[in-house]
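Dear colleague,

I am pleased to hand over the structure that we discussed. Please find the sequence and the coordinates below, followed by my notes.

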Amino acid sequence: MSDLALSPSATPDESSRHRAWRRGWYRFRRNPAAVAGLVLVVLVVVAALGAPWLAPSPESAGTFVNFGERHQPPSLHHLFGTDNVGRDVFSRVLYGYRVSLLLVVFVLGLSVPFGVLLGLLAGYYGGWIETVIMRITDIFLAIPALVMALAITAALSPSLMNGMIAISLLWWNWHTRLIYTTVHALRHEEYVEAAKIAGASDAHILFREILPNCISVISVKVTLDAGFVILIGAGLSFLGLGAQPPTPDLGTMVASGANYLPEDWWESVLPGLAILFAILGFNLLGDGLRDLLDVEVS
Amino acid sequence: MEYFFFIVRRLMWSLLVLVGLSIVIFMIARVVPGDPARIALGPLATTEQVANLRHKMGLDRPLYVQYAVYIGGLVRGDFGQSLLTQRSVALDLRTAFPATLELVLATIVIATLLGIPTGVLAARFKDTWVDNIGRVVSLLGVVTPSFFIALLLQLLVGYYLHFLPVNGRLDPSVSFTPDITGLVLVDALIRGQPGVWFDGLRHLLLPAISLAAASLGQIARITRSSMIDVSRKDYVEAARAFGIPDLVTTFKYMLKPSFIPTLTILGLEFASLLGNAFLVEMVFGWPGMAAYGVRAILHKDFNAIMGVVMITGAFFVFVNLLIDVLLGTVDPRIRIRGARS
């Protein structure tokens, strides 16, 4: 039996797919909020990837000290001023985005596939598999994520790695819920029934028929999540339980800069704004994609 | 009768969630970090001392026995001894929890009182500048880290304008112990001390506003979209056609159904609200669960950590139970589905 027979709508011809992309891009461009989100996200990614070349003072990312230039206010020489040991705050913010994006990639890379897989299984098979998976998911949903992440980092001792592990352990359940609901609605669709009658294996139906139809939901959710992972990671490190000094983490920078308020406001306020920009970018982009792909993710 | 079964089911489910939570936190606190006795005594203690303490703490017994002992304690309200304060964790939490509770309650009041009207206005003036302002405010509330809002408010209102105090629950010169409910504002009223009440309110405002921003944004968004959905319904058109005044249509016929999604979102939001409370409390030196919990974490005081997580989790579960029961009262469809599923 050929693949084509099993998935009649899965491979539309190239030109119609190309047209769909063009149409999507056109509609996306007409949504100013979504475009602003895309611009912010691109800026953040460029800042993170290009930090070694863009940062005026790459050595500021580490243990570098320059006591002659401590607590300098923002100027042309130091765009965001300097911190309590004379490091360039702007350079540290650029490197800070690396830490934030590393967190996003790690947490979502680990928790999304796991969460999606459980959601697929629970939604498709139903019965006791569904009961077990969804009840465990509900228990995890009832745990305030930040509080639980605190407990886990405590058990593992505070560090960036352990913070990432803690957040991953608490993130999968949202994807399980979402995919479960989606699959539940899809499992009696005609193309699924057709594949079953054609004798396709469960694995084929799950991964080749149902999963491709979940991709738009997942991509919207992942974009929105990226912002919230940055948010929770910043919270964790703000409490001193995430990345440890001298790692240039934005949350840690806000916390340590806050010691010099109100005089040296730039040391905490500007890294705080940097966090805000990243979260805002992913949020706007996610909302724009949601409108574009017309999916429900909550 | 259906309503009764609905509540029973919800209660049993809440209990199950708490048992699950206790297992998770027990595994995290007792199994992951290694030997609690060794952690308690430090690296300099002899193996014999450690073995003694292990026996005293019951760590030489099988894991399920340890868990049973722990659960037995929880049921009696005994969270064990804190290694750090050398007091019972339950006693420590009895002073820390009301402070957090007061902050969270004030936050919910602010978020609903501001969020719902914002949403109503935005929906009423859809696609005008009113709507746009409402949208920007809600979005900023959702995407700004609460600790950053806290810091900005502290800087602007506290340091530059000297409007409101930026630290603690009461002025150090005020000697007042909230010993009835643990809530300063309530206890000051009961004891008839308006000065204390006012000072408490002034201290409460900035932390509560910082914490409310995120929920306010969510509530405004949900209220807006559900009002817009409802405004297209036939019965609203009919009300308008009958010449019923706009205000009555808006508040009587349109707002009521939008309470359901708003309450639902408030329940889900509550988890992140509790987490954010930790951050805001740290910024304002609020003597709640955060100060206690973070100190416990840095000192690996596991009984205290487990206590903080269990109380926070129980609080969340209780609030969601309350919301479900409320929703069941408002909307009969929910309780019928809940009783049958």
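The notes below concern confidence in the model and the interface between its chains.

Please bear in mind that this is a predicted model. For chain A, the mean pLDDT is 87, and 95% of the residues reach 70 or more. Within that chain, helix 4 (residues 89-125) of chain A has the highest confidence, at 94, whereas helix 1 (residues 3-6) of chain A has the lowest, at a mean of 46. Over residues 1-8 of chain A, pLDDT stays under 50, and the model has 11 contacts beyond four places in sequence for this stretch. Where pLDDT is low, the predicted coordinates should not be read in detail.

As to the interface, 41 residues of chain A are in contact with 42 residues of chain B. About 3,600 Å² is buried between chain A and chain B, and 87% of this area lies on carbon and sulfur atoms.

Between chain A and chain B there are 2 residue pairs in polar contact, with both residues at pLDDT 80 or more. The count of salt bridges between the two chains is 1; it joins the side chains of Asp287(A) and Arg221(B), at 3.5 Å from N to O.

On the side of chain A that touches chain B, two or more residues each come from helix 5 (127-141), helix 6 (145-156), helix 10 (215-238) and helix 12 (266-293) of chain A. Helix 12 of chain A gives the largest share, 11 residues. By type, the residues on this side of chain A are 33 nonpolar, 5 polar and 3 charged.

With kind regards

Methods:
Residues are numbered from 1 along each chain as its sequence is written. Chains are lettered from A and ligands numbered from 1 in the order in which they are written. Side-chain values use heavy atoms; hydrogens and water are left out. Contact means heavy atoms within 4.5 Å. Buried area is the accessible area (1.4 Å probe) that two parts lose on being put together, summed over both. A salt bridge is a side-chain nitrogen of Lys or Arg within 4 Å of a carboxyl oxygen of Asp or Glu. A polar contact is a pair of N or O atoms within 3.5 Å; within protein, one must be able to donate a hydrogen and the other to accept it, and residues adjacent in sequence count only if both atoms are side-chain atoms. Helices (H or I, at least four residues) and strands (E, at least two) are DSSP runs, numbered from the N terminus. Ala, Val, Leu, Ile, Met, Phe, Trp, Tyr, Cys and Pro count as nonpolar, Asp, Glu, Lys and Arg as charged, and the others, Gly among them, as polar. pLDDT is the predictor's confidence in each residue, from 0 to 100.
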